[in-house]
Amino acid sequence: MNTNAPVATTENLTKVYGDRVAVDKVTMTVRRGEVYGFLGPNGAGKTTTLRMLLGLIRPTSGTAYADPSVGALIEGPGFHPYLSGRANLRVLARHRGLTDAEVERVLGRVDLAGRGDDKFKGYSLGMKQRLGVAAALMGDPELIVLDEPTNGLDPAGMADMRALVVDLAREGRTVLLSSHLLAEVQEICHRVGVINDGRLLRESTVAELRGGVSLRIRATPEPEALAVAMRLAGDDGVRRESDGALLLSLPAERAPDVARALVAAGADVHEITAAERSLEEVFFEMTSTHPHQEVPA
Amino acid sequence: MSTLTATTRSTRAELMRLRAWPAVWITLGAWLLLSIMFGYLFTYLSYTSGDASFADEGTTQAEQLARMLPDAVPDVFLQGMPMFGGALMMVLGALVAGNGYGWGTWKTLFAQGVRRTPALLGSVTALTAVVLTTLVVTLGLDLGISLIITASENQDVVMPSFGSVTEAFGAGFLVLEMWALLGFLLGTLARGPALSVGLGLVWALVVENLLRGVGQLLGWVESLTEVLPGTSAGSLIGGIVGVGAGDGTPGVLDTVPVGRAAITVAVYLVLAVAGSVLLVRRRDVA
């Protein structure tokens, strides 16, 4: 089995509703064995892209392919309210030719075995979400698509869900994870795609997206410090932070060189540290949204 | 995996969930209750009290008793089907298809890679099984009640002929199945249960009757009504039980010949399945 083979791809995938372009020429690739984070603010086009990928909606143009062995939780779980969680999964299992043992396995996996006989309509939002994940895990699919799986979960539930995705990754499963929880994505995902206003802005590894480690310095007088920074890191390698500090695109090992150069230029060095931008910072920068306005923490 | 295998799996799955769905039992219970009420209870009360009920006006006690004996079961079995039997089955069909959208269960199913056509055909087959079960239970109940009346009235047991039972069962199946599948089509079309149930009931109980009334004034409307589902179902039943015998029974008609009515009903049945498959295959699943 080719471990890098794509299990889900889109090519210029586009969906237009009336005069609104919901998804605009999105080209992305999810490779076997990776956890792929699909990020974007509300209304960016994430769910529409995933729904096209799963064949739930037709693209206006472009193509989408997903491995036929797929399990997915899309836009919240949909089950028969009058049936228990277990019975709902058994109905799904019948449709797919799976056994009741498989139902018990996935119920245990999402920690719902003890409440499996409760009616779905009596479940909390978190339990419904976990049942949706259980449905996605049934039959050991090649590709698992999870659209906001932590929606409605309490902090403990979120931690459990994160642990579950980490376990899936350890088992070598391919997971396409759409989430607002950037800190989680940063820790869990191998690669990410960032979408905004229907367009895929970037697709890369998490490390590439964060831009690697850089050096953060605070030195006075600032003009001298800036001149030294630009000489060492280049014009494009220096960024001024809001607190007046400078962020240099240089590896941490260059810190002694930078310190010496600053002192030699007559500057007083107040701070020199290795700095790494979080995925959240990069995300807000790319999508130009304020964290308190559109994207929930 | 072949479509047949996938359809068989989906049929098992749908039967499993329909068995546990209170809506199915409530619909079946409502049908049986209405069927017994209008088929036997009112006639029996009229017969025992000596008063002519609205359904039995102008009939003698001997005729009333004859209607409740086993020999008349095929007629009694069929009489409620064009009106409330069809309406109830249409509600059930609309619920089966429409709630799949309302609850998001179609979405859950298709998102797991289950193919659309076999899933839908499985649902239709399971609905057909419910219709067949309804017919068997109704026939059994009618026979049971008529035998009890026969015994209580010290009458000789004269069972209906196998041919007449088979004919009634076949006609009843065509009528109930047509309405159930038209309800299924409406539920698919509306992608929800509420609108489809409302529209279906208004059509079946009101619009067709109004059109038949207008048809007496306008020739082209009359021609149109002859190919409508309600007219065809009513004519199919009327052709078997006779409109004379069913006089006063709403929905039982003699508008078109029984053979033509049966063909029209069968055409609706096929069109409803084909239309549902086409819609589910081609449309987005929200």
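R216(A) counts as buried, because its relative accessibility is 17% and buried means under 20% relative accessible area, with exposed over 50% and partly exposed in between (1.4 Å probe, protein chains only). Keep in mind that this is a predicted model, where local features need pLDDT of at least 70 and side-chain atom pairs count only at pLDDT 80 or more, while totals for chains, interfaces and linings use all residues. Residues are numbered from 1 along each chain as its sequence is written, chains are lettered from A and ligands numbered from 1 in the order in which they are written, and side-chain values use heavy atoms, leaving out hydrogens and water.

Now for the salt bridges (a side-chain nitrogen of Lys or Arg within 4 Å of a carboxyl oxygen of Asp or Glu). The whole structure holds 29 of them over all chains.

| Pair | N to O distance |
|---|---|
| E34(A) and R191(A) | 2.9 Å |
| R216(A) and D243(A) | 2.5 Å |
| R239(A) and E241(A) | 3.6 Å |

R216(A) sits in strand β10 (residues 213–220) and D243(A) in the loop between β11 (238–240) and β12 (246–248) of chain A, so this pair ties together parts 27 residues apart in sequence. D243(A) is partly exposed, at 44% relative accessible area. E34(A) and R191(A), on the other hand, are both buried. R239(A) is partly exposed at 34% relative accessibility, and E241(A) is partly exposed at 22%.

There's also a salt-bridge network linking R86(A), R90(A), R94(A), D100(A), E104(A) and D117(A).

Definitions and conventions. Helices (H or I, at least four residues) and strands (E, at least two) are DSSP runs, numbered from the N terminus.
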